[in-house]
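Hi,

Here is the structure I promised to pass on. Have a look at it first, and then read my notes below.

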Amino acid sequence: MTNDQRAGEVAPAATGATGATGATRAGSVASVGPGQPNRRRRPRVVSPLPHLPLWRVRLIAVLAVLGPGLVSGFADNDAGGITTYSIVGAKFGYALLWVLLVSQIVLFFTQEVGARLGLATGKGLMGLIRERWGVRWGAIAALAMLAANLGSTVAEFAGIGSALSLFGIPPQISAAVAAIVVVTFIALGSYSRVQYLFVAVGIFVSLAYVISAYLADPDWALAVHSLLVPQLSSSPAYWLAVVGTVGTTITPWGQAFIQSYVADKGLRPEDLPASRLDVFFGALLTNVIAFFIVVACAATLWATGQTTITSAADAAQALEPLAGPAASVLFAVGLLGASFLGLGVVPLTSAYTTCEAFGWETGVDWNWREAPAFYGLLAFFIGFAALFIMIPGLPLIAVMFAAQVLNALLLPFILVFVMLLAGDRKLLGPLASGRLLLGVGWLSTGLLVLLSLILVWTSLTGV
């Protein structure tokens, strides 16, 4: 059964001698008329609680919308991100904190546009690209994103292997167990369970790095000054670090994920205010966590001259003699949690992307029988990356860097599609971006194109 067939069924009205409500049961599908978005109806509350204050009703409504922005924000700080922030903090100290503030602004605007597209259409990004520009462009965009996502998924397994290796667990065992756990939970869990797990892991990771930074006893005054006042340099290594920091904060998979997740959750145009709040807190938390990771490494490794590390696991080991075993363990456990979160989100985005590009059933509220392609692809992406990570002598750092290069190259390409769709009033109606949002969006896209060119030039010339 296809999405269109399923969306076309009319939910039966509840009947009975007494107490008939006429509300659809949870999980039923509303009828879709011509020109309406293809989406499943959100479950209605059959018997609302009486006498609730207005502020509490509004709070409940906001909490019901929260999720996509927070999950995307937490997952941005995955294994590759934590490794990048650790290296930046160890090599440059507090000097690049201002990049986090700038990237937070860009991240909020780009994610907000993605949420608008999902709210207005009920469709994912690849589905819209396919409908607007044809199957060829949809397939090209999907294949490019899948290539970058595969590298990111391998990086998540590398992060899990690195974190658990500190506790004596071989990477082959950790990769196999992680793959089985993630696929099983997503396949057997409902949307709400998957979302709650992602948010819970994100909160845990955040607390781990906040405490780790506090135990490192940093120079908070210098950290705040570096956050607000840019410290520029003409060094090519400095600007390569800037590009890497932006590239790991603003990702193409994050752009596609939030739109698909908003559509999968069944949010509507009237949810825009709460969804915008969700995106804001997601972007804020992304960079707050990054801030504490950089600060922890700057206060210990950079301050003592230990500027050469190759991974976040190296940073965790190096923290122990400087900030105590508690900081080291928290850093390693945070890496493990972040890697698991990324392992759940990035392959999920890959499954969304492929199914949307070819018009197949997609969504975590479907079961295996209803959406075999979606879950089959999810299992394939995770399983392939797990097998890849078991290759003896695999240069994990080179793989992670290659994934970041692909992300940096792909992001402007994806954002061009996003911005062209964002200004389409025929498609989005009142949710179409105005001049201010379009101006900020195109400016951000131009800056990211420039940073991508710098990254490519630096990578090819080796300067």
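Cys297 is buried, with a relative accessible area of 0%, and Cys355 also counts as buried at 0% relative accessibility. (Buried means under 20% relative accessible area, exposed over 50%, and partly exposed in between, with a 1.4 Å probe and protein chains only.) As for disulfides, the structure holds zero; the rule there asks for a pair of cysteine sulfur atoms within 2.5 Å.

Before you go further, keep in mind that this is a predicted model: local features need pLDDT of at least 70, side-chain atom pairs count only at pLDDT 80 or more, and totals for chains, interfaces and linings use all residues. Residues are numbered from 1 along each chain as its sequence is written, and side-chain values use heavy atoms, with hydrogens and water left out.

On to the charged pairs. How many salt bridges does a search of the whole structure find? The search gives four, where a salt bridge is a side-chain nitrogen of Lys or Arg within 4 Å of a carboxyl oxygen of Asp or Glu. One of them joins the side chains of Glu112 and Arg276, at 3.1 Å from N to O. Glu112 sits in helix 5 (residues 97–121) and Arg276 in helix 13 (residues 272–302), so this pair ties together parts that are 164 residues apart in sequence. (Helices are DSSP runs of H or I with at least four residues, and they are numbered from the N terminus.) Glu112 is buried, at 4% relative accessible area, while Arg276 is partly exposed at 32%. Arg116 belongs here too: Glu112, Arg116 and Arg276 are linked in a network of salt bridges.

Another salt bridge brings Asp424 and Arg132 together, with their closest N and O atoms 3.0 Å apart. This pair also links distant parts of the chain, 292 residues apart: Asp424 is in the loop between helix 17 (396–422) and helix 18 (425–428), and Arg132 is in helix 6 (residues 125–133). Asp424 is buried, with a relative accessible area of 17%, whereas Arg132 is partly exposed at 41%.

Then there is the salt bridge between the side chains of Lys123 and Glu131, 3.1 Å from N to O. Here Lys123 is partly exposed, at 26% relative accessible area, and Glu131 is partly exposed as well, at 46%.

While you are looking at helix 6, which of its residues are buried? They are Leu125, Met126, Gly127, Leu128 and Ile129. Just after this helix, Gly134 takes a positive phi of about 100°.

Next, the nonpolar cores. A core here is a set of buried Ala, Val, Leu, Ile, Met, Phe, Trp, Tyr and Cys residues joined through side-chain atoms within 4.5 Å. The largest one has 76 residues, and Leu97, Phe157, Tyr209, Phe331 and Phe374 touch the most other members. Helix 15 (residues 325–358) provides the largest share of this core, 14 residues. Apart from it lies another core of 51 residues, Val99, Val113, Leu267 and Ala357 among them.

Helix 15 is also the place of Ala332, which is buried at 3% relative accessible area. Ala332 and Ser162 are 170 residues apart in sequence, yet their C-alpha atoms are 8.5 Å apart in space.

Last, the empty space. Rolling a probe the size of a water molecule over the atoms shows where such space is left. A cavity is a set of points, on a 1 Å grid over the protein atoms alone, where a 1.4 Å probe fits but cannot get out, and lining residues have an atom within 4 Å of a point. Grid points are joined across faces, edges and corners, and a volume is the space filled by probe spheres set on the points. The count comes to four cavities of 30 Å³ or more.

I looked at the second largest cavity, which holds about 80 Å³ of space. Its lining includes Val243, Gly247, Asn407, Leu411 and Ser452. Helix 11, helix 17 and helix 19 (435–461) each supply at least two residues of that lining.

Pro236 is found in helix 11 (residues 236–249) too, and is partly exposed, at 38% relative accessible area. Pro236 and Ile454 are 218 residues apart in sequence and 9.2 Å apart in space, C-alpha to C-alpha.

Cheers

Key: 1 Å grid on protein atoms, 1.4 Å probe; cavity = no way out; pocket = protein on both sides within 12 Å on 5 of 7 lines; lining within 4 Å.
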